[in-house]
Amino acid sequence: MEADGNHRGRATITDVAKRSGTSIKTVSRVFNDEPFVRAETRKRVLQAASELDYHPNIAARSLVRGRSFLIGLFYENPSPNYVVDLQTGALDRLRDERFRLLLFPCQSAQAMSGKLLQVARTSGLEGIVLAPPLGDDPRTVEELSGARMPFVRIAPTTALDVSPMVGIDDVGAARAMTQHLLALGHRRIAFVQGDPGHPSNTQRLCGFRAALSEAGVAFEERFLEQGMYTFESGLAAGRRLFADRMRPTAVFAANDDMAAGVSVAAKEYGLEIPGNVSIAGFDDSLISRVTWPQLTTIHQPTYDMAHVATDALLALIDQRALNPAISLPHRLLVRGSTGKAPPGDSAT
């Protein structure tokens, strides 16, 4: 690329100053978001930088300003689909921002308890986004609050007033899915739980049981299976359910990965979906759209939650006004994996 009329190579701040007809100091002020730069001048500098494909050196700028411009996303979730949406939402919010994102996958919330603040400080982070269940660890929340480290939590269920938060109504979403299955005539409905260490698991089970109770349908312990939010755990749970002579006519799994595993188990037992058994998931992740039939699921806006949480963290770091508690809407997406209960199994 030709940086200017005299030489080739990567464009420099000097090239931008020449192209825009300003000084190097003015260009620096524009890219450091300093005040008292005229709008017309700022526009001219940014236009010159775009034409030259100039990008400021973040490391050098950090040294000059004594800041790292780094934020961290800490997460612990075995579902690759969930993690991709989470990362993409945060990264997209930081596009064209001066901040950069560091990713911190964690083995478990318990393993990080008492260590997260140290990791954040060692990494030079200016702020943190905590994905569930990390945001519900009391020691982590207490240490971050005491250290005045800016942090935003995604879908916390405890200490809701100690930090900004973004989430959805997990109880209401699970209730809506269960009501959908009940409306199709299903009464033998199984529920596959997720990781018991994730608060969302408890909330979704609560919504499931609430819908059954409201419909006057008894909750049966034998239709409650333990999963871990993974495809493999869903497959194992499905095999146990379908091996029972009184198998369920519908299975609601607490996430799409497990629902996909249940679908494979159903096919292993020669069951048609949804002719013999209806299967539903939660998340609206990629796997829900590539299985056949496609999964009926709850659209959880994971991408949007990460995007909004990152936006809130930037506002917190810059000491701008922000909404401390944001609830995003969920949607019931009815697809081909759910249908009417088999004859003889529906309510009369």
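Predicted model: local features only at pLDDT ≥ 70, side-chain atom pairs only at ≥ 80, totals over all residues.
When residues up to four places away in sequence are left out, Phe242 touches Arg247, Pro248, Val251, Val262, Ala265, Ala266, Tyr269, Leu271 and Val277.

Aromatic side chains form 7 pairs in the structure. One of these pairs joins Phe208 and Phe219 in an edge-to-face arrangement, with 6.4 Å from centre to centre and 75 degrees between the planes. Phe208 belongs to helix α10, whereas Phe219 is in the loop between α10 and β7 (224-226), so the pair ties together parts that are 11 residues apart in sequence. Phe208 counts as buried, at 1% relative accessibility. Phe219, in contrast, is partly exposed, its relative accessible area being 22%. Both residues belong to one aromatic cluster, made up of Phe191, Phe208, Phe219 and Phe252.

Asp195 is located in the loop that runs between β6 (189-193) and α10 (199-214). This residue is buried but has no salt bridge, and the nearest side chain of opposite charge, that of Arg204, is 12 Å away. A polar atom of the Asp195 side chain does, however, lie 2.8 Å from the backbone nitrogen of Gly197. Beyond its neighbours within four places in sequence, Asp195 is in contact with Glu76, Asn201, Gly227, Met228 and Tyr229.

Most residues other than glycine have a negative phi, and most peptide bonds are trans. Phi of Tyr229 is positive, near 70 degrees, although the residue is not glycine. Tyr229 lies in the loop between β7 and α11 (231-243), and at 3% relative accessibility it counts as buried. Asp96 likewise is not a glycine and has a positive phi, of about 70 degrees. Asp96 is placed in the loop between α5 (80-93) and β2 (100-105). Its relative accessible area is 79%, and Asp96 is therefore exposed.

Cis peptide bonds occur at two prolines described here. The bond joining Pro132 and Pro133 is cis, with omega at about 5 degrees. Pro133 is found in the loop between β3 (127-130) and α8 (138-146). The peptide bond from Ile273 to Pro274 is also cis, and its omega is near 10 degrees. Pro274 lies in the loop that connects α12 (256-268) and β9 (278-280).

Side chains of opposite charge can pair when their charged atoms come close. The structure holds 16 salt bridges. In one of them, Arg93 pairs with Asp311, and the closest N and O atoms are 2.9 Å apart. Arg93 is part of helix α5 and Asp311 of helix α14, so this pair ties together parts that are 218 residues apart in sequence. Arg93 counts as buried, at 16% relative accessibility, while Asp311, at 33%, counts as partly exposed.

A further salt bridge is formed by the side chains of Arg175 and Glu214, at 3.2 Å from N to O. This pair also links distant parts of the chain, as Arg175 is in helix α9 (residues 170-183) and Glu214 is in helix α10, 39 residues apart. Arg175 is partly exposed, with a relative accessible area of 26%, and Glu214 counts as exposed, at 53% relative accessibility.

The side chains of Arg320 and Asp318 meet in a salt bridge as well, with an N to O distance of 3.8 Å. Arg320 counts as partly exposed, at 41% relative accessibility, as does Asp318, at 29%. Salt bridges with shared partners also join Arg93, Glu97 and Asp311 into one network.

Terms used. Residues numbered from 1 in each chain as written. Heavy atoms only, no water. Helix = DSSP H or I, 4+ residues; strand = E, 2+ residues; numbered from the N terminus. Buried < 20%, exposed > 50% of the residue type's maximum accessible area, 1.4 Å probe, protein only. Lys, Arg positive; Asp, Glu negative; His and termini not counted. Salt bridge = Lys/Arg side-chain N within 4 Å of Asp/Glu carboxyl O. Polar contact = N/O pair within 3.5 Å; in protein donor to acceptor, adjacent residues only side chain to side chain. Contact = heavy atoms within 4.5 Å. Phe/Tyr/Trp six-rings, centres within 6.5 Å; stacked < 30°, edge-to-face > 60°.
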